[in-house]
Amino acid sequence: MSLPNADFSLSAEDALLLFRDLEEYAVSLDRIMSRLAAGADPGILADYLVDRRVAARLARVRGTVGDALEAVIGAEALEDIAEGVFRYSGP
């Protein structure tokens with residue numbers, strides 16, 4: 001999909017919240033994956049995801065960025081993008 005050459009904006013507060021969450025996820029998941037590679041119990045990943053409410057926080061991030069993008073590309077284009085992504089469907 002070709003996107004228009006347009007900027008979109010986030011408030012400084014939204015950008016700060018997004019950065020903090022993404023920084024936490026990047027660092028924490030890297031550490032968890034290192035521990036898993038060293039033989040740690042795989043439950044540490046599930047514990048982290050649940051204890052830190054990662055799914056809910058990622059949904060908030062998606063909503064914040066999605067709203068900003070929708071203002072530039074429109075609801076239909078954003079929906080098309082969402083429909084085209086990988087979705088885990090289980091074993």
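A salt bridge here is a side-chain nitrogen of Lys or Arg within 4 Å of a carboxyl oxygen of Asp or Glu. The views below show a predicted model.

View 1. Side chains of opposite charge can pair when their charged atoms come close.

**View 2. D21 pairs with R57.** The closest N and O atoms of this salt bridge are 2.6 Å apart. The pair links distant parts of the chain: D21 belongs to helix α1 (residues 12-37), and R57 belongs to helix α3 (residues 54-73). They are 36 residues apart. Are these two side chains buried or exposed? D21 is buried, because its relative accessible area is 6%, and buried means under 20%. R57 also counts as buried, at 11% relative accessibility.

**View 3. R57 also meets E24.** Their side chains form a salt bridge, at 2.7 Å from N to O. Again, distant parts of the chain are linked: R57 is in helix α3 and E24 is in helix α1, 33 residues apart. E24 has 17% relative accessibility, so E24 counts as buried.

**View 4. R52 reaches E24 from a loop.** The side chains of R52 and E24 meet in a salt bridge, with 3.0 Å from N to O. R52 sits in the loop between α2 and α3, while E24 sits in helix α1. The two are 28 residues apart, and they link distant parts of the chain. R52 is partly exposed, because its relative accessibility is 40%. Partly exposed covers the range between the buried limit of 20% and the exposed limit of 50%.

**View 5. Negative charge gathers on the surface.** Which residues form this patch of negative charge? They are E76, E79, D80 and E83. D80 is found in helix α4, which covers residues 75-83. At 49% relative accessibility, D80 counts as partly exposed. Exposed would need a value over 50%.

**View 6. Nonpolar side chains form a surface patch.** L29, L49 and V50 make up this patch. Together they have about 240 Å² of accessible area. V50 lies in helix α2, which covers residues 43-51. Why does V50 count as exposed? Its relative accessibility is 63%, and exposed means over 50%.

Key:
Residues numbered from 1 in each chain as written. Predicted model: local features only at pLDDT ≥ 70, side-chain atom pairs only at ≥ 80, totals over all residues. Heavy atoms only, no water. Patch = residues over 30% accessible without salt bridge, like charges linked within 9 Å, V, L, I, M, F, W, Y side chains within 5 Å. Areas by Shrake-Rupley, 256 points an atom, 1.4 Å probe, with all protein chains shown as cover. Lys, Arg positive; Asp, Glu negative; His and termini not counted. Charge placed at Lys NZ, Arg CZ, Asp CG, Glu CD. Helix = DSSP H or I, 4+ residues; strand = E, 2+ residues; numbered from the N terminus. Buried < 20%, exposed > 50% of the residue type's maximum accessible area, 1.4 Å probe, protein only.
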